[in-house]
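This report describes selected strand pairings, helix packing and aromatic contacts. The sequence and the structure are shown first.

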Amino acid sequence: MLTTDPLAVPLARATNPRTGKALAKLGLETTADLLRHYPRRYAEPGTLTDVSRLAVGEHVTVVAEVVRTSLRTTSQGKGLLQSTITDGTSRLELTFFATHRRKLEWREAQLRAGRRGLFTGVVSLYRRTLQLMHPECRLFGSEDDAHDEEEALLDASRPVPVYPALAGFESWKVGQAVRTVLDPLREEDVPDPVPADLRTAHGLPTLLEALRLVHLPADEHDWRRGRDRLRYEEALVLQAELARRRARVAREEAVARPRRSGGLLDAFDARLPFTLTAGQRAVGEEIAAELAAPRPMQRLLQGEVGSGKTVVALRAMLQVVDAGGQAALLAPTEVLAAQHARTLRALLGDLAEDGFLGGAEQATRVALLTGSLPAAARREALLDAASGRAGIVVGTHALLSETVQLADLGLVVVDEQHRFGVEQRDALRAKAARTPHTLVMTATPIPRTVAMTVFGDLETSVLDQVPAGRQGITTHTVPADNPRWTDRTWQRVREEVDRGGRAYVVCPRIDADDAPDGDAAGTGAGDDEGADLLAVAVDTVGAQAPPRRPLRAVTEVAEQLRARPDLAGVGVGILHGRLSPEEKDRAFAAFASGAAPVLVSTTVVEVGVDVPEATVMVVLDADRFGLSQLHQLRGRVGRGTRPGLCLLVSAAEPGTDAHTRLETLASTTDGFRLAALDLELRHEGDVLGAAQHGRGSSLRLLRVTRDADVIDRARADARALVEQDGDLSAWPALVAAIEEQLAGEREEYLDRT
């Protein structure tokens with residue numbers, strides 16, 4: 001059955017089967033796909049030039065007549081076609097090469113003597129003769145160009161759209177196909193996702209007009225105006241869905257959990273050994289007010305490394321426990337979940353020992369639920385969670401199991417939220433009788449524009465102060481090929497250990513035989529922890545660099561350190577994702593206690609791990625990690641009363657982008673500045689996650705690093721639309737755009753926030 005939707009017509013039918021097949025290789029199947037295949041840039045208008053006035057290096061278009069054309073085979077067996085053209089007074093050579101002579105025979109037939117046309121290219125000089133190498137040729141009255149001379153000359157005066165294309169199907173052929181499907185369209189054929197009132201308010205063209213402006217611009221102003229409108233549309237579609245989700249949750253009912261005087265929270269505050277920062281107090285008041293309301297809180301808590309997010313989250317959990325509810329803390333790995341449980345118990349002291357000898361008069365319990373718990377410990381944790389005796393339940397994916405029951409779930413705290421899928425989050429929320437409050441924590445400082453785009457349906461709280469007593473961290477780069485510097489690195493490790501400190505040594509791989517081109521900047525091949533939201537998987541510079549020595553691996557580095565005379569007698573442990581949970585616990589306990597004060601690890605220690613005695617972080621092959629990830633690793637030291645030291649060992653050459661990036665990290669501890677720079681270096685990919693799956697970005701024109709004003713405007717407009725109509729049903733074209741652009745895995749990624 002043939003479709004009646006002009007935008008859903010298969011390209012093989014809208015153009016021709018051969019063109020449709022070529023466009024399919026670009027992922028373009030329908031007319032709508034082709035219309036959204038925007039030019040990546042615009043070449044300068046082809047100035048019609050007098051051949052006698054040509055300048056070498058100039059991009060020109062000349063109107064000329066073919067004088068003669070010859071095709072021959074070179075001594076290397078390649079095809080060489082040379083054609084002489086004239087504007088009536090001066091002459092210019094056209095030169096074409098091909099691997100075989102026969103590949104140029106069609107061009108020889110096209111450029112027969114007496115034919116007139118437009119010839120576009122960059123002027124070069126060969127043996128004192130001006131020429132155009134492989135120019136574009138548009139011959140008047142030819143079979144492959146139906147334009148007459150007048151129309152062709154008009155086209156030549158316009159900016160030239162340059163499209164992502166393929167060998168054998170060049171940009172200009174894509175442009176021809178675009179024009180074929182665009183020319184017959186009418187306004188009623190192209191539903192506009194941007195409501196008419198917003199177009200009027202912002203002076204925006206319709207969608208059809210915008211498509212014509214970007215594909216067929218008369219001048220630079222045209223394509224800029226069209227692109228600005230399409231960029232706003234992308235922002236509006238995304239923000240409208242975020243606003244709609246936010247409104248849906250706001251309409252749900254939650255159990256109010258107001259603060260209770262004389263409860264656990266008051267007792268905890270009274271015994272805190274430090275003073276809360278002004279930021280912690282302010283954010284705590286925001287969260288407390290939202291927990292006290294009968295609507296579900298949805299808040300993102302982010303901040304600098306070591307800014308005290310855990311204490312803020314714990315105070316929120318205690319408020320819920322005081323109000324008769326429970327709090328669940330979901331962590332992505334067993335290492336992090338166990339670390340959270342230890343930290344919470346240490347902070348609470350006897351307030352976490354309900355029913356135990358020495359427990360406070362009013363106390364609760366912190367239960368830990370992971371997949372590797374022994375049977376007896378698991379049964380006890382399950383009973384504490386189901387009975388409500390454990391006011392705080394910490395877990396990994398095991399917390400989502402159907403066997404886990406919670407008495408009265410009031411607050412869900414999700415650490416590193418982007419690592420969980422929508423089904424996992426919903427499974428936890430479903431354990432509550434009514435929608436629980438949600439607090440999302442991320443250890444990665446997120447630039448404001450990213451927060452608006454990816455976490456746009458959450459209220460955002462930022463902690464930008466470090467608690468008093470922290471001594472700061474000094475960062476240095478160490479050239480890996482300088483033995484004197486690398487020896488000094490391990491001597492500094494020994495000095496810190498002798499003073500009672502601990503040292504992390506981070507490697508990008510686990511074993512020496514792991515592929516060096518694997519997840520170098522993530523967690524090491526085979527590890528079970530995902531890459532950070534703002535950390536690169538493989539450094540863009542490193543990925544393009546020439547072959548280099550193999551990346552350092554945990555197992556080989558640990559053996560080398562154990563054999564070093566300057567580390568004689570120092571215990572060296574290892575930690576990575578292939579270890580069993582019991583082995584991980586033993587390795588981390590030995591490190592924390594000082595039995596093995598040097599821990600060689602992958603990036604399982606990147607977030608959440610908190611050992612106050614840790615004072616040194618050594619990162620090997622540091623140039624293969626992202627800026628934000630390095631910042632997180634650096635934040636694992638200097639968390640006690642002694643200053644931290646971070647040594648970035650790298651073979652990157654001075655003057656390269658990789659070396660400059662490490663020097664930038666060494667020059668600042670401002671995580672937000674580094675996160676923004678990291679995003680710019682990676683060109684942000686797809687903030688909706690499609691890039692993680694190898695598909696094209698759902699944001700074709702919008703750039704969160706550049707378009708903060710557009711995102712701001714679209715966000716305000718989207719919220720206003722949702723206030724008028726919570727389901728956006730009054731704007732069906734907008735709803736359709738949301739469903740099309742945010743479908744499948746992209747929508748799931750959005751749900752993770």
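## The parallel sheet

Strand β10 (residues 326-330) and strand β13 (residues 409-415) run parallel and are joined by five bridges. Within this pairing, Ala-328 stands opposite Val-412 in β13. The model is a predicted one.

The two strands belong to an open sheet of seven strands with parallel pairing, in the order β11-β12-β10-β13-β14-β9-β15. At its edges are β11 (366-369) and β15 (459-463), each of which pairs on one side only. Direction ignored, neighbouring strands of this sheet are turned by 20° against each other on average.

Helix α12 (residues 309-322) lies across β9, β10, β12 (392-395), β13, β14 (437-442) and β15, and runs at about 170° to β13. Helix α13 (residues 334-348) lies across β10, β11, β12 and β13, and its direction is at about 170° to β11.

Leu-300 is placed in strand β9 (residues 298-303). Why does Leu-300 count as buried? Its relative accessible area is 0%, and buried means under 20%. Leu-300 and Val-462 are 162 residues apart in sequence, while their C-alpha atoms are 8.4 Å apart in space.

## Strands β4, β5 and β6

Strand β6 (residues 129-133) pairs with strand β4 (residues 91-98) in the parallel sense, over three bridges. Strand β5 (residues 116-126) is joined to β6 by four bridges, and these two run antiparallel.

β5 and β6 form a hairpin with two residues between them. In the turn, Arg-127 has a positive phi of about 50°.

## Packing of α9 and α25

Two packed helices are described by the angle between their axes and the distance between the axes. For helix α9 (residues 220-251) and helix α25 (residues 732-741), the angle is about 90° and the axes are 10 Å apart. The two helices are therefore roughly perpendicular to each other.

On the α9 side the contact is made by Glu-233, Val-237, Ala-240, Glu-241 and Arg-244. On the α25 side it is made by Leu-734, Val-735, Ala-737, Ile-738 and Gln-741. The residues of this contact divide into six nonpolar, one polar and three charged.

## An aromatic cluster

The count of aromatic pairs comes to three. One of them joins Tyr-504 and Phe-591, whose ring centres are 4.8 Å apart with planes at 45°, so the pair is tilted. Tyr-504 lies in strand β17 (residues 502-506) and Phe-591 in helix α20 (residues 581-593), so this pair ties together parts that are 87 residues apart in sequence. Tyr-504 is buried, at a relative accessible area of 0%. Phe-591 also counts as buried, at 0% relative accessibility.

Phe-591 pairs with Phe-588 as well: the ring centres are 6.4 Å apart and the planes are at 55°, so this pair is tilted. Both residues lie in helix α20, three residues apart, about one turn of the helix. Phe-588 is buried, as is Phe-591. Tyr-504, Phe-588 and Phe-591 form one aromatic cluster.

Methods: Residues numbered from 1 in each chain as written. Predicted model: local features only at pLDDT ≥ 70, side-chain atom pairs only at ≥ 80, totals over all residues. Heavy atoms only, no water. Pairing = 2+ DSSP bridges. Axes fitted to C-alpha atoms, helices over the stretch in contact; angles between N-to-C directions. Parallel < 35°, antiparallel > 145°, perpendicular 65-115°, else oblique. Contact = heavy atoms within 4.5 Å. Nonpolar A, V, L, I, M, F, W, Y, C, P; charged D, E, K, R; others polar. Phe/Tyr/Trp six-rings, centres within 6.5 Å; stacked < 30°, edge-to-face > 60°. Buried < 20%, exposed > 50% of the residue type's maximum accessible area, 1.4 Å probe, protein only.
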